[in-house]
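Student: I would like a close look at one part of this model, a pair of packed helices. Then set it beside whatever else deserves attention.

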Amino acid sequence: MSQWNFLFSSIIITFLYFNLNLFLTNSETIVKNLEYPCKPPYNSYPFCDTSLPITTRAQSIISHLTLPEKIQQLCNNASGIPRLGIPAYEWWSESLHGIATNGPGITFNGTIQAATSFPQVIVTASAFNRTLWYAIGAAIGVEARAMYNVGQAGLTFWAPNINIFRDPRWGRGQETPGEDPMVASAFAVDFVRGFQREKASGGGGNVKRVVRKRSLSDGDDDGNEGLMLSACCKHMIAYDLELWNNFARYNFNAVVTAQDMQDTYQPPFQSCIQQGKASCLMCSYNAVNGIPACADKELLQKARNDWGFEGYITSDCDAVATIFEYQNYTKSPEDAVAIALKSGTDINCGTYMLFNTKSAIEQGKVQEMDIDKALLNLFLVQLRLGLFNGDPTKGPYGKLGPKDVCSTEHKTLALEAARQGIVLLKNRNKFLPFNKDSISSIAVIGPLANNTSKMGGGYTGIPCSPKSIFEGLQAYVKNVNYAPGCLAVSCESTSGFEEAISIAKDADIVVIVAGLDLSQETEDHDRYSLLLPGFQSKLITTIAAISKKPLVLVITGGGPIDLSMANGDERIASILWIGYPGEAGGNALAEIIFGDYNPGGRLPLTWYPEAFTSVPMNDMNMRADPSRDYPGRTYRFYTGKVVYGFGYGLSFTNYTYKLLNAPKQLTLSGSISPESKRKIQLQIGEGYQLDYINLDEVESCNSLKFNVQVSVMNEGEMDGSHVIMLYSRVTNEHAGAPRKQLIGFDRVQTTSYRGTESSFLVDPCNHFSFANEHGKRILPLGDHALVLEDQEHIVSIQI
């Protein structure tokens, strides 16, 4: 609707104006006894001299440490060094979708007792709005730094989780941006930039970005930019299994082809480093092709040497221990510590390095220089954070405090994120939205309908102003009655059905809230079924049979659910997926149900039928293999039936599309080297039928790039925000080619009965290519289709 653009623009502009200009007018009282290095009389050490390059300062810190003091820095809870005036430091804080209670670096037992709880990442991803992602990262960053200033948080946070949501049963899929590597990459870049105070990437949202001006304190004279906070991209790599059959994340060996590694598992991490400039990577528990991730030198050094990573690498918690204890990859704990350090793991979340490094040195398996190399990476990040610059309250972020946590701007942003992320899955005969003036009573049924503690999903903190679904609906209709129906989400009994039936019979409208919570999907807990838990389906059909009108079904949870029974039932008129919508989810849902907001979210993952559970969860292959009846995974490769496809999402209005302009043919002759031309001409002369070119033979991709102008027409009576998604598809048969792949997305504001235009930059080297079986990207020759909903345009690539 028309107020969407005005409201969200106001949110972003107000938020960025105040937050990104460092809240210089904030007069909050900061904790006076905050511990930090370089307090007098310890400020005379060279590492406290801010005029020196930070590499020199980091080396100075290391030079002053004894070997036992160095070893004490190799765990997340780094010991203090009183003789140098260096206090203890806790590296482990969490901020996945708001400041979380997970990890010892955060406490809410102080001046600040709550923080803004944004929707779980899978819901935020459903908004397909990069501007929103950046703004959420920036808001969480402000609250994190404010909490640091009052002694309730650290400066290093282990988020975001950018693993691919490969299997619908994965308990932690809710924490990720979904199944598409392009979307996961985009989310990683903008969240990290917002959180660390990097520049926004631009594009992908319909709100003008406002980027802060860099201050002189943002950098230093040896090229390392300053950071407000440190974000950590996790879990590297191919981590997407918790506990399934005999496979646990601690001992799982992910067998990944070079092809899948190149075009599925690796891209989000590469983007997070190269474009997002993340200052931390976390290596995962699992092994990849037989080598534990935290012991994989080739993997970890690729990040530094090939992708230009500048930061520290932490293990997942106790992942160094799993090298020996669970993976049985080494013969002793000392060997595990040695291989982790030598491979590039700088810090161990846990105590394994703390307790075993000394004996590893005594046995000659670790040298002091190995420790020094890790410490250099750690101290460089701390120096970039300003930790050795003296009193942090006098630094560029020192004015942030309690007033900047749970601010009106942040709570409004959380509401907007929930609005944009909720997905309308079904709306038979335009059942929604309701007119509040024509409804006198509502029955709200479901164990999560009147619950605020479970609205955030995993890695949640203490929310500022949580509202349940029941409370959200009460703002529109006075007579709202509630019954849980099931005593818990597991719904192991029908004993609560009678009360639910009673209130449903008398209500004008029935809203049933069903789905998942953390008892069904979470860290260390995968699902075995894609059906609704227990008797939830029976509750829905029982209520649908007695209600006056068709009912509204609201689905919670981060993982796909087989809703075939509800999708085909005419008594269930509308279905909305809200995931874990955060503290403002109840209000956002009510606004959609009553038409104050026109939904525009789209699913960032495929919703599979229950039959998919016959596919082994430990099979990491993305591509289908008919020879073994393997259907493949994700919309790019899956060949089976779906309940809802990737990118699916309805609106209260209808849209039509046009591809306004795009080239019909591209010629490679000016983009490849003379040597490659001669080779190709020789091959053609010998009768070879060339159907692709190796991407590394293309000397310049820039000359091939082109813009595609598209138009979306709002054919309905309601304004609304809408996600435009442009795909590419190889029209000819190419072994291993995706069925289609996403080029880009843009969330635009549309006006009733008017058209809106958007532009996409297409890079054929990236958007038309894919990895072959050797992990090398190839660019198919011939016809490629640009796909925009029901519209297609052919672009032919010729030599």
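Tutor: Start with a term: contact means heavy atoms within 4.5 Å. Helices (H or I, at least four residues) and strands (E, at least two) are DSSP runs, numbered from the N terminus. The model is predicted, so local features need pLDDT of at least 70 and side-chain atom pairs count only at pLDDT 80 or more, while totals for chains, interfaces and linings use all residues. Residues are numbered from 1 along each chain as its sequence is written, and side-chain values use heavy atoms, with hydrogens and water left out.

Now the pair. Helix H5 spans residues 130–149, and helix H6 spans residues 181–196. Their axes come within 7 Å and cross at roughly 35°. Axes are lines fitted to C-alpha atoms, for helices over the stretch in contact, and angles run from 0 to 180 degrees between N-to-C directions. H5 brings Arg130, Trp133, Tyr134, Gly137, Ala138, Ile140, Gly141 and Ala144 to the contact. H6 answers with Met182, Val183, Ala186, Phe187, Asp190, Phe191, Arg193, Gly194 and Phe195. By class, this contact has eleven nonpolar, three polar and three charged residues. Here Ala, Val, Leu, Ile, Met, Phe, Trp, Tyr, Cys and Pro count as nonpolar, Asp, Glu, Lys and Arg as charged, and the others, Gly among them, as polar. An α-helix has 3.6 residues a turn, so residues three or four places apart point the same way.

Helix H16 (residues 497–506) packs on helix H17 (residues 536–546) at about 30°, with the axes 9 Å apart. That makes H16 roughly parallel to H17, a term for angles under 35 degrees. From H16, the contact takes Phe497, Ala500, Ile501, Ala504 and Lys505. From H17, it takes Lys538, Leu539, Thr542, Ile543 and Ile546. Seven of these residues are nonpolar, one is polar and two are charged.

Helix H12 (residues 352–362) shows packing by burial. Its buried residues are Tyr352, Met353, Asn356, Thr357, Ser359 and Ala360. Buried means under 20% relative accessible area, and exposed means over 50% (1.4 Å probe, protein chains only). The buried residues of H12 pack against helices H3 (67–71), H10 (319–325), H11 (333–343) and H13 (368–384). After H12 comes Gly364, with a positive phi near 75°.

Next, the loop between helix H19 (585–593) and helix H20 (634–637), which holds Arg633. Arg633 is buried, at 0% relative accessible area. Its side chain makes a polar contact with the side chain of Tyr630, at 2.9 Å. A polar contact is a pair of N or O atoms within 3.5 Å; within protein, one must be able to donate a hydrogen and the other to accept it, and residues adjacent in sequence count only if both atoms are side-chain atoms. The Arg633 side chain also reaches the backbone oxygen of Pro616, at 2.8 Å. Beyond four places in sequence, Arg633 is in contact with residues including Arg166, Asp167, Tyr608, Phe612 and Tyr638. Ile724 lies 91 residues from Arg633 along the chain, and their C-alpha atoms are 23 Å apart.

Backbone geometry comes next. Most residues other than glycine have a negative phi, and most peptide bonds are trans. Asp629, in the loop between H19 and H20, has a positive phi of about 60°. Asp629 is exposed, at 70% relative accessible area. Thr634 belongs to helix H20 and has a positive phi of about 65°. Thr634 is buried, at 0%.

Two peptide bonds are cis. From Pro40 to Pro41, omega is near 5°. Pro41 sits in the loop between helix H1 (2–20) and helix H2 (54–63). From Met236 to Ile237, the bond is cis with omega near 20°. Ile237 is in the loop between strand S3 (232–236) and strand S4 (243–244).

End on a strand. Gln741 is in strand S22 (residues 741–750). With 13% relative accessibility, Gln741 counts as buried. Its side chain reaches the backbone oxygen of Ser769 at 3.0 Å. Not counting residues up to four places away in sequence, Gln741 touches Tyr635, Arg636, Leu726, Tyr727, Ser728, His767, Phe768 and Ser769.

Notes
Angles under 35 degrees count as roughly parallel, over 145 as roughly antiparallel, 65 to 115 as roughly perpendicular and the rest as oblique.
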